[in-house]
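Trainee: I'm new to this one. Could you walk me through it, feature by feature?

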Amino acid sequence: MTPESALSSLIPADLPQRRQLVTPIPGPRSAELAARRATSVAAGVSSSLPVYVERAGGGVIQDVDGNSFIDLGAGIAVTSVGNAAPAVVAAVARQAQDFTHTCFMVGPYEEYIAVCEQLARLTPGTHAKRSVLVNSGAEAVENAVKIARSATGRPAVVVFDHAYHGRTNLTMAMTAKAMPYKSGFGPFAGEVYRAPVSYPLREAAPITGEQAAARTISMIEKQIGADQVAAVVIEPILGEGGFIVPARGFLPALSAWCTANGVVFVADEIQTGFARTGTMFACEDEGVVPDLITLAKGIGGGLPLAAVTGRADLMDAVHTGGLGGTFGGNPVACAAALATFEAYESADLAGAARAIEAQVVPRLRSIAERAPQIAEVRGRGAMIAIELVRPGTLEPDAAEAGRVARECAAQGVLVLTCGTYGNVIRLLPPLVIPPELLDDALDVLESALMSVVR
Ligand SMILES: *Cc1c(COP(=O)(O)O)cnc(C)c1O
């Protein structure tokens, strides 16, 4: 199979790849479900789209009223191989027939081992590696911290401004943004220290990546002490914080400092991982080889699975029985992951991500020239952001980002927002999205952006 036919085989054949609205948004069945939800689902859980999903695949989400939306969110960078990709569906069905769960800590099975073998092969670096499989990104980050502390015997964990690492107690402490992730949920875990990151758009004066790393390192050495630090945990492109791309040189300098000081360098590639940024992992762009890497989101074609993969000497420092969990590495999720890995490679989805960048970024840059509200278009591969501000300033405009997202939804295009200041539109299309469909979505996004420019 050529990469092109491998790619089109990931789209369900009977789901038309087009945008089509046949009712007002939300339609009557979605409105009914919203009413049921209000009396059964906790109010703390929110949703971006005002409609309820019936089917999804390729670049399309179909709602319960028959409306078809173009998906520029991929369930937050999860369904990179497409939703309900036929190869993943078949692998899930086969495995579910055989057995759905034994618990790897009770009755182990081959699929878990095969996923760990593939993760060792796919992740950066040719050194000996081990993996542990868990259920969610937050749980992967928690385990990376456990492993780093156990291996180093040190307490401190360094994280960054604008970081997002999850919603559990430890990962809330590691996440930067108070509202909605942390407010009212403390007290938080201790020994978590926040350092400055490189955010080129918002530096007081232009500085290089190396200079930004020196600023971070000085803070760590003076305020924590290098010999107290178990791990530095960083997203190579900061996701929820606003798709912030650190200046070139920042990550390599930080990683080199970690190596020189016996600090475990953890790349949180939960959002950037698996072909999303045009390479299998975002670290590869600057040749950074992390000691540990946390993985989730795009790992299993939509099934819940997460992992920590890393240096065998660090991973194996933990005592027997110290890592695990009832559902971790569930066999159905592992079968989905194996089919998903195969899809990334056979359909060259990293190449597809680079093609998406080439299609989207020049177009957005040309819109930015006409729209003074757009401070910056940035990102890599199919992880692309538009940061909105009050014209002539760097003052974030979250209200405008919200208006653009709502206007897109009303016209049948799902876009998400993000950012510490809530003022960033982020595009995370499934990597299998047909180019014509993506063009149609960009037309809608352009008119939404231009209509709020006024
Ligand atoms: C989403 C995300 C997490 C948390 O993953 P969950 O599966 O939601 O727990 C952690 N780190 C990063 C970078 C993420 O994008």
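Trainee: Which polar side-chain atom lies 2.8 Å from a nitrogen atom of the ligand?

Mentor: Some ground rules first. This is a predicted model, where local features need pLDDT of at least 70, side-chain atom pairs count only at pLDDT 80 or more, and totals for chains, interfaces and linings use all residues. Residues are numbered from 1 along each chain as its sequence is written, and side-chain values use heavy atoms, with hydrogens and water left out. A polar contact is a pair of N or O atoms within 3.5 Å; within protein, one must be able to donate a hydrogen and the other to accept it, and residues adjacent in sequence count only if both atoms are side-chain atoms. Here, the atom you want belongs to D268. Q271 has a side-chain N or O atom 2.9 Å from an oxygen atom of the ligand, and G137 brings a polar backbone atom 2.8 Å from a ligand oxygen. The ligand alone exposes 380 Å², and the protein buries 82% of that (Shrake-Rupley areas, 1.4 Å probe; for residues, only the protein chains shown count as cover).

Trainee: Which residues are around the ligand?

Mentor: A residue is near a molecule if one of its heavy atoms lies within 4 Å of it. Among those here are S136, Y164, H165, E235 and K297.

Trainee: How many disulfides does the structure hold?

Mentor: A disulfide is a covalent bond between the sulfur atoms of two cysteines; the cut-off is a pair of sulfurs within 2.5 Å. This structure holds 0.

Trainee: What should I look for in the backbone?

Mentor: Most residues other than glycine have a negative phi, and most peptide bonds are trans. In this model, a cis peptide bond joins I25 and P26, with omega about -5°. Another cis bond joins G186 and P187, at about 5°.

Trainee: Where is A74, and what is its phi?

Mentor: A74 is in helix α3 (residues 74–77); helices (H or I, at least four residues) and strands (E, at least two) are DSSP runs numbered from the N terminus. Its phi is near 50°, a positive value. A275 also has a positive phi, about 75°, and is buried at 1% relative accessible area.

Conventions
Buried < 20%, exposed > 50% of the residue type's maximum accessible area, 1.4 Å probe, protein only.
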